[in-house]
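Please keep the sequence and the model at hand while reading.

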Amino acid sequence: MEHFALKYLRKDRLPHIFCPGCGIGIIINCTCKAMDELNLDLDKVVLTSGIGCSSRIPGYFYLDSLHTTHGRALAFATGIKVANPELTVICFTGDGDTGAIGGNHFIHACRRNIDITVICVNNYIYGMTGGQVSPTTPEEKVATTAPYGNIENPLDLCKLAEAAGASYVARWTTAHPFQLVRSIKKGINKKGFAFIEVVSQCYTYFGRLNKFKNNIELLKYIKENSININKAKNMSEEELKGKIIVGEFVDREKSEFSEEIHKLIDKHKIVK
Amino acid sequence: MNFDDKGRLKPGKYFMQGNIAIAEGAIVAGCKFYGGYPITPSSEVAERMALRLPHIGGKFVQMEDEIGALASVIGASWAGLKSMTATSGPGFSLMQENIGYAVMTETPCVIVNVQRGGPSTGQPTLASQGDMMQAKWGSHGDYQIIALSPSSVQECFEYTIKAFNYAEKYRVPVMVMSDEVVGHMREKVIISDYDNIEIINRKVGMNELPFKPDDDLIPKMPIFGKGYRVHVTGLSHNEKGYPDAASDPVEHAKLVKRLNEKILRHKKEIWDYTAEYLDDCSDVVIVSYGSPSRAGEIAVKELREQDIAAGYIKLNVVWPFPDEIIYEVAKKTEKIIVPEMNLGQIVREVERASKGLCKVKLVPKIGGELHTPEEIIMAYKNF
C-alpha cells in the first residue's frame, strides 16, 4: 500500500534534497498527517515559504505553492490571504528566515492576526548556506561564523509571536510528533495567526559542529532538554537555562485581518 | 458621489492631482489590491486607494515596509487580483529584490515610482528623474521590464491604465515612472467614454505544463485556488515550475532568454511616443520623457518661430528603449538634445541608439526644479 503522505506530495520530485537525518522529514510527515485528519480541500490550500532548508518544503507538496524571497514569505502570504480569504494559507519558514531577515514581517503578521498558519523549523543554524550562526543558536554553541561559540543572546520566537499578537502559539520538537500534529491541526483551524515552532535536528551542521556523534544523539539531546510549559512554570530561570520549553503558549480568540477587511468592504462598497 | 455603476469616476472633466489620477486610473484598469508603505511624494496614491478600493470591493493593506508591500502585491496577483503599489526612491530601492522575483515568476503587477531627488533620503519633496536606470537595471540578473513616463495629470491617469494592460498581457512588472512635479501638480483631466478605453486581463489557465508559454512566449497564468496546484519559485525553473533549472545551464538559459524575449519580441507593440515636426527637424530634435517634456515642447515651438527646423519626440514608454525610433530620428537631424532631471541617464541610451548619426547633448538639471524652455533653447544655441 502506498504511504498515506504520498497523496499530498509531488512524487516526481522525490528523492528530496534534505540531508540524511534531517528533522524536516518528520515535519513534512506531521503536516501530511494533520492535513489528512482535517480532510482539507487541497485545491484551496496554498503554501508559501522564504529561503532556507525549511523553505524548500512547499516544493514537495502537490499543492499551489509560492517559494519566495528570503524572509518575505509572510508578506507574500498576506497578499494571498487578503486577496482570497477562502484559501488556507500555510507558511513554512526557519529560524533565520523568520527571526533574522524576516523579523519585521513576522511581527506585523502576528499583529494583524491574519489567518495564516506558520510552521517554523528551528534548527538553530543556517543549514542551506553551510552552518552559520542564527538568531536562535543557543549561547556558546558553535557555528561556522561563531567558531569560538555563540556570544549573542538567542531569540525566543514564541515569546515574540505572543507579544506581537498571534492567536495561537506553540512550540514542539521533532521528538514530539503527536503533539505537533495536534498543534498543526489547531493552527489551521484557528481563525487568526498561528505560529508553531518546531525545534529540529540539523546533524550536518549544528550536530557536527557541536560534536554530537550522530543525528540520533542530537535528537535525544533535543528530547531530553525539552520541558513542558506546565512543568516549566514552577521552575526557576536558573533551572530552565538551556532548556527547550514546549507546549501551547497562546490560544485566544481575536479579530482576524482578512475578515475585518471584508467587513469594511461590506460597509463601504458602492458597486453591487 | 460622482461614480458610475462600476465605481469608476463618471466620464467628464476633472481638476485633480497627478497622484490621485494614478489611483483613479488604477480603479478603471480593474485594480483590486494595493499593498503599500507611505513615502513622500507618493503617499496620496496610497491614501486615495485606501479610500477608493473598498468602494469596488478591492483590498488595501498598508504593509510594514516597501519590501513587504511589493511582496503582498505579488501574492495578491497570484491569488488572481490586479495588484499595485506606489513608492519613491528609497522605497523603490527596497523593492528591487522582489521586482526580480516578479520578473522570474512572471507576476503581473504595477509599481508607481513618484521620483524624488536622491541619492539616499535626498529631497523628499522635490522632483527628479534619477531612478530611470534603476527601473531597468536595479534588480540582479538579466531581465526586461516595461516603464512608462507621464508628463501630465492626464497621462498619469491614462498611463496607469496602460501599465495594468501591459502587466496583464506580458505577465511582467510594469513601472509608472512619475515624479514629484507631475505627482503633486493639479490639472485638468478629461475622462472620455469608458467604451473607448481598452482593458486587458491576463490569460488565466494552464498549458500541459504551468510555465510552458503560448506562441507569444507568455504562459497562461495558473492562479492559486483553482486546482492547478502549481509550484512557483524564484529559483530558475523548468516549464513544470520545478527548480531543476537552478543547476542546469541549458534550462536556466532557456528560461531567462524567454523572459527577456517575451518583452523584446513585442517591443513595437509596447513602444509609445508623441512626436511633432519630425518631417522638418533637420537642425535639432528634443528627445524627452516625463516632466521636462513640457519645457521641451515649448522650446521646440520657440525655436521654430526663429526659423530653426526643430522637432520633438516624447517617449511615453522608456523601457524597453525604442532604439529604432531614435535611430530614425538621428537620421533626420543634426543634433539631439535630451533634457533630463538627473545628471545623464536616458541620454546614454539616446547616444547608443543614434549610432553616431548625429550629435547628442544632455541638458541635465538636478535640485528639484523643472527645466525652463530657455535653458533648452540655450543648450541648442551653445551646442
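## Terms and model

Two strands are said to pair if DSSP finds at least two bridges between them, and helices (H or I, at least four residues) and strands (E, at least two) are DSSP runs, numbered from the N terminus. This is a predicted model, in which local features need pLDDT of at least 70 and side-chain atom pairs count only at pLDDT 80 or more, while totals for chains, interfaces and linings use all residues. Residues are numbered from 1 along each chain as its sequence is written, and chains are lettered from A and ligands numbered from 1 in the order in which they are written.

## Strands of chain A

Strand β1(A), residues 45-49, pairs in the parallel sense with β3(A), residues 88-94, over five bridges, and Ser49(A) stands opposite Phe92(A) there. β1(A) also pairs with β2(A), again in the parallel sense, over four bridges, with His67(A) as the bridge partner of Ser49(A).

Five of the five residues of β1(A) are buried, where buried asks for 20 or more other C-beta atoms within 10 Å of the residue's own, exposed for 12 or fewer, and partly exposed lies in between, with C-beta atoms placed from the backbone. Val45(A), Leu47(A) and Ser49(A) point one way, and Val46(A) and Thr48(A) the other.

## Where the chains meet

β2(A), residues 64-67, pairs with β10(B) in the parallel sense over three bridges, and Ser65(A) stands opposite His231(B).

The contact (C-beta atoms, placed from the backbone, within 7 Å) takes 44 residues from chain B and 35 residues from chain A. On the side of chain B, α3(B) gives the largest share, nine residues.

How values were computed. Two residues are in contact if their C-beta atoms, placed from the backbone, lie within 7 Å.
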